[in-house]
Amino acid sequence: MKNKLYTSIGLMSGTSMDGVDISIIQSDGQYEFYNILDDYFEYDVDLQEQLISLRKIVVNQNDLLKKSRELGILERKITVFHAEKINQVLSKYKHQIDLIGFHGQTIFHDPQKKITKQLGDGKLLSQLLKKKVVYDFRQKDIENNGQGAPLTPIFHYLISNIINEKFKIGFPLGFINIGGITNLTKIKTISSNFEENIDAFDVGPGNCLIDDWVRKNSNKKFDENGNISKAGKIDQLITNQIIENFNIETYSKSLDIKDFDNSFARGLSFENGCSTITNFTGYLIAKGIESMSNNIKIKYLICGGGRKNNSLIDCIKNNLKNKNNFILENIDKYGFNGDYIESQAFGYLAIKSFLNLPISFPNTTGCTSPTVGGKLVKNF
């Protein structure tokens, strides 16, 4: 007998702080998965600027206390925005919704101090929408000695099986998620003991340094298709210096965009700076791929907004030492829209959390034992 299917809305607003991805999915929380609907809603300029400004000044635990009033006001705005957009989506989908997976907007993340703060009031969202809401997905993992990230690998595991059944591409199979930060997942094989068959970690910046450079030096929000980078020239001297001076000693720690800055490109032209920053980002992602792969031939499926930056993808490939060991392809080629993998994932994680099933594991976040994350609230 098949397990019950739950219908869930997954919400994701990433470190780019540009808007909210919304997905409606169905799943049993284990093996079955069906994507029903995906949509994207952009923040208005004022809301995005408030978010970016507040994130910049909240750099430690004391700032969370000092700015608690401003954070509270902004959290309500964020929550109301999500509720309004969900109602728009639900006008297209008339069937019953069992759960909402509400990631919220990360404003501060420091697992070493066991603090992670996502703006998003799950109780208010539940009240506004009259739905059960699962939120605060990362805190329990951090309390269990994990890094609170990445959380999508268990979803990558699920869809790797779906993709393999349809396209027969085999294992191991990797996923590269290029959002603000880049994280990697490697699925060794599909088996009942899936814990031991998933490895995952953050590897470095994704879009964050590039987006920041573009926003500071133009009226654009990001480097569409990598066209700005392509128009510039990589400053090899600066690249060599930053590579020599920058070293990620371990991939066991989760990363935040505040761990990086693009000041090394100061003084370069707009295009050359973008090109140099893009190459440095590609270098770090390539080093992460090499570290995860252990000289095994592996295909990686690329997800997230960064997959559309052709210049960045070229830089990743150019920085890989043994290029014959790695095949990099967009996940879109295999029936999944790479823009919505994370929002679909949080719909799936909400179901797992509701069923008291773990969403993070020692090999994905470094937690001591498999951890059931998220808080369930019914406030209506």
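Which loop holds proline 172? Proline 172 sits in the loop that runs between α6 and β7 (173-178), helices and strands being DSSP runs (H or I over at least four residues for helices, E over at least two for strands) numbered from the N terminus. The peptide bond that links phenylalanine 171 to proline 172 is cis, with omega at about 0 degrees.

The model is a predicted one, in which local features need pLDDT of at least 70 and side-chain atom pairs count only at pLDDT 80 or more, while totals for chains, interfaces and linings use all residues. Residues are numbered from 1 along each chain as its sequence is written, and side-chain values use heavy atoms, with hydrogens and water left out.

On the overall build, the chain has twelve helices and twelve strands. Its radius of gyration is 20 Å, close to the 21 Å from the globule rule for 380 residues, so the chain is as compact as a globular protein of that length; the radius is taken over C-alpha atoms, and the rule is 2.2 Å times the number of residues to the power 0.38. The C-alpha trace spans about 60 × 50 × 40 Å along its principal axes. Of the 380 residues, 57% count as buried (under 20% relative accessible area, with exposed meaning over 50% and partly exposed in between, for a 1.4 Å probe and protein chains only). Among contacts (heavy atoms within 4.5 Å) with a separation of 6 or more, 72% come from residues 24 or more positions apart.

Most residues other than glycine have a negative phi, and most peptide bonds are trans. A cis bond also runs from alanine 149 to proline 150, with omega near -10 degrees, and proline 150 lies in the loop between α5 (139-143) and α6 (153-167). Aspartate 136, although not a glycine, has a positive phi of about 50 degrees. Aspartate 136 is found in the loop between β6 (133-135) and α5 and is buried, at a relative accessible area of 16%. Lysine 168 has a positive phi too, near 55 degrees. Its place is the loop between α6 and β7, but lysine 168 is exposed, with a relative accessible area of 65%.

Helix α7 (residues 208-217) has seven of its ten residues buried, so it is largely enclosed by the rest of the structure. The buried ones are Cys208, Leu209, Ile210, Asp211, Asp212, Trp213 and Val214. Their cover includes β8 (181-187), β9 (198-205), α8 (227-231), α10 and α11 (310-319).

Helix α10 (residues 270-293) also meets α9 (residues 236-245): their axes come within 10 Å and cross at roughly 40 degrees. Here axes are lines fitted to C-alpha atoms over the stretch in contact, and angles run from 0 to 180 degrees between N-to-C directions. On the α9 side the contact uses Ile238, Thr239, Ile242 and Ile243, and on the α10 side Thr276, Asn279, Phe280 and Tyr283.

Proline 358 is partly exposed, with a relative accessible area of 23%. Apart from neighbours within four places in sequence, proline 358 touches Lys352, Pro370, Thr371 and Val372.
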